[in-house]
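The sequence and structure are shown first, and the description follows.

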Amino acid sequence: MRLLVVEDEPDLLAGVARALRKQGYAVDTALDGEEGLHKAQTTDYDAIVLDVMLPRLDGWEVLEQLRVSKETPVLMLTARDATADRVRGLDAGADDYLVKPFDVAELQARLRALIRRGARRARAALEIAEVLIDTVARTVRRSGEPVTLTAREYAVLEYLAMHRGEVVTRTALYEHLFDDSDDTLSNLIDVHIFNLRKKLGADFIVTRRGHGYCIE
Amino acid sequence: MKVFRSIRWRLQLWYGALFAAVLVGLGVTAYEVEAVSRMGRIDAELERGAFVLNGVARRRGPPPPRKGSTGSPETPTPRPVRSTQALAEALTAADEARGFYYAVWRKNEEPRFTASAGAPPDIPKPSESEPQGVRQRGRFREAFLAPNPGDIALVGRSIELETAEVLRLGWLLAGGGVSLLAIAMAIGWWLVTRALRPIQDISVAAAKIATGDLAQRINVRDGESELGALAGVLNSTFARLEASFAQQARFTGDAAHELRTPVTVVLTHVQNALAEGGLSEEQREAFEACLRAAQRMRRMIESLLQLARLDAGQEAMRHETVDLAALVVDCRELVGTMAAVKRITLTTELAPAECRGDADRLGQIVTNLLGNAIHHGREGGEVRVTTRSEDGAAVVIVADNGPGIPREHLGHIFERFYRVDKARTGTAGRTGLGRAISKAIVDAHGGVIAVESVAGEGATFTVRLPRG
């Protein structure tokens, strides 16, 4: 999962990015509205965390311009908790909002819900054949037995599971799982897929030659 | 005597008294002038009669007596009049014509005393020392002339009719005066009412402002008048007052907003650090202390913002029917753990108490009162909650049997950040704004919150909310 965080306070930006990376997300950051909008328009993020008060372009304007071309789920961070502000944010196309100060755990939970909704999955647990993926605890069980995955392996599995039945290209996987700061070689995805097949069964992830991967 | 303190009554009394004095003065003068002039006319007539009579009574009498301007020339008067009989007859004839009576005293001739038939009996002889005079004898007025000591001619008449007339005049004047006074008082009342109306407007507006409705202004009817100018000055004062309150509320709100981001930074980093693990015990404790402080700041920010919104009247309140008894049952669960920790027994005596208001905000008050009662209560003590309806109000009472609140603090207990015990430890996690918020919410509902306490016996908080 790849996220964008737009926040003008560098310390807060660093803290939020760190908290989200810890959860296995690939996180891009932007310090002002213009940069944020540019990144949001050029990359397919799974969700965007957008502060309302931003230099150059405020959160409302970023949201408005983004909605012209993209449906990316947006979570607004606002310093105002007046009802009128929340209504305005939701009306403008924000998918959720969080009032500062917030707890990190709440931000993480709301983002998980947002990403699930973006993938049209209502439940936090994904069950595919004998494999159960708990997106809250970030654990995987196969026939009731815990399976140990690395953070990257889990991220690949979760993304494929979220898009179950769809063919996911290696580029899409690359884009959604690694952020700008990552210089991982693309062929490492093949390594993760290989490891996942070893742990979850050879047929669990199907390779469509020339297209990509798919969980059926 | 509240009536005499009122400006209206004082003006009315002064004005009435002054007007009455003027009326009495004028009336008495008119009465006196009329009475004196009538008496003067009577006296002149009588004196003229006495003069004529004197001539008649003398031996060398002049022509027949003429009485006043309307004298009766045909009256037969023998000349000279000597005989008593003749004199008496002459006098009697004259007497009957005008209602006068005559009396003559003679020194050297008989009869010594002659009176006309209509004369009252026992006319006393006037003092001989005066040559002439007028006297009042009961209802009779008499003029006499004594050219020689002992020879006296007296003319008198009854003034009963005149006295009655003058008396009637007096009553007329008095009646007219009272009516005039009544009319004048009515006009005065109207004038004073008109003059005081701006003051009434000012006092109504000022009273509303005193209860916190800062948007009130005086309706200035006439800006040119003295009171109109005063109202204008007061209005601009009220405007400044409102602006300064608004500024204060805005400042509190802005400051709280500005604190949001830094507190978020602290919370985020501390929570990251704690979640990532790998900390030594000391580091973990330090981060946990930071986390507690940041969470407290966060609650304080929320409280300050809520207060600022309540101050500015921007806190949107719902108007629904709320039963305080049901509210207490809900809030009881929230504070249950806290009470259990201090082994405090929560007893409730809940009668239905319905009022109109915002259930969330009212629940906030009840939770705050319960939380405070448990926090300040004695370990193993008791907190009693009572709800009931009385006199058109819904009442909730929260009483603890803790150490109570010293008398000198009771008046400040609802102030922001006010702490009874300045050195109290155990304030961790408390914002110091709970009671101020409770009061602001109660005020916004048009209710009353009050505290009673006897040191050493506990404190009792009572909230009264209007039913309608």
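This is a predicted model: local features need pLDDT of at least 70, side-chain atom pairs count only at pLDDT 80 or more; totals for chains, interfaces and linings use all residues.

S9(B) and S10(B) form a hairpin in which two residues lie between the strands. Asp391(B), in the turn of this hairpin, has a positive phi of about 50°.

S9(B) also pairs with S7(B), here in the parallel sense and over six bridges. Along this pairing, Thr345(B) has Glu382(B) of S9(B) as its bridge partner, and Thr348(B) has Val385(B) of S9(B).

Both pairings belong to an open sheet of five strands in chain B, whose order is S7-S9-S10-S12-S11 and whose pairing is mixed. At its edges are strand S7 (345-350) and strand S11 (448-454) of chain B, each of which pairs on one side only. On average, and with direction ignored, neighbouring strands of this sheet are turned by 15° against each other.

| Helix of chain B | Strands of chain B that the helix lies across | Angle to a strand |
|---|---|---|
| H6 (residues 324-341) | S7, S9 and S10 (393-400) | about 180° to S7(B) |
| H7 (residues 359-376) | S9, S10 and S12 (458-466) | about 20° to S10(B) |

The axes of helix H5 (residues 281-311) and helix H9 (residues 434-444) of chain B come within 10 Å and cross at roughly 25°. Because angles under 35 degrees count as roughly parallel, H5(B) is roughly parallel to H9(B). The crossing of H5(B) and H9(B) is left-handed. On the H5(B) side, the contact is made by Ser303(B), Gln306(B), Leu307(B) and Leu310(B). H9(B) contributes Ala436(B), Ile437(B), Ala440(B), Ile441(B) and Ala444(B). By class, the contact of H5(B) with H9(B) has seven nonpolar and two polar residues, and no charged residues.

Notes. Residues are numbered from 1 along each chain as its sequence is written. Chains are lettered from A and ligands numbered from 1 in the order in which they are written. Two strands pair if DSSP finds at least two bridges between them. Helices (H or I, at least four residues) and strands (E, at least two) are DSSP runs, numbered from the N terminus. Axes are lines fitted to C-alpha atoms, for helices over the stretch in contact, and angles run from 0 to 180 degrees between N-to-C directions. Two residues are in contact if their C-beta atoms, placed from the backbone, lie within 7 Å. Angles under 35 degrees count as roughly parallel, over 145 as roughly antiparallel, 65 to 115 as roughly perpendicular and the rest as oblique. A crossing is left-handed if the near helix is turned anticlockwise from the far one by less than a right angle, and right-handed if clockwise. Ala, Val, Leu, Ile, Met, Phe, Trp, Tyr, Cys and Pro count as nonpolar, Asp, Glu, Lys and Arg as charged, and the others, Gly among them, as polar.
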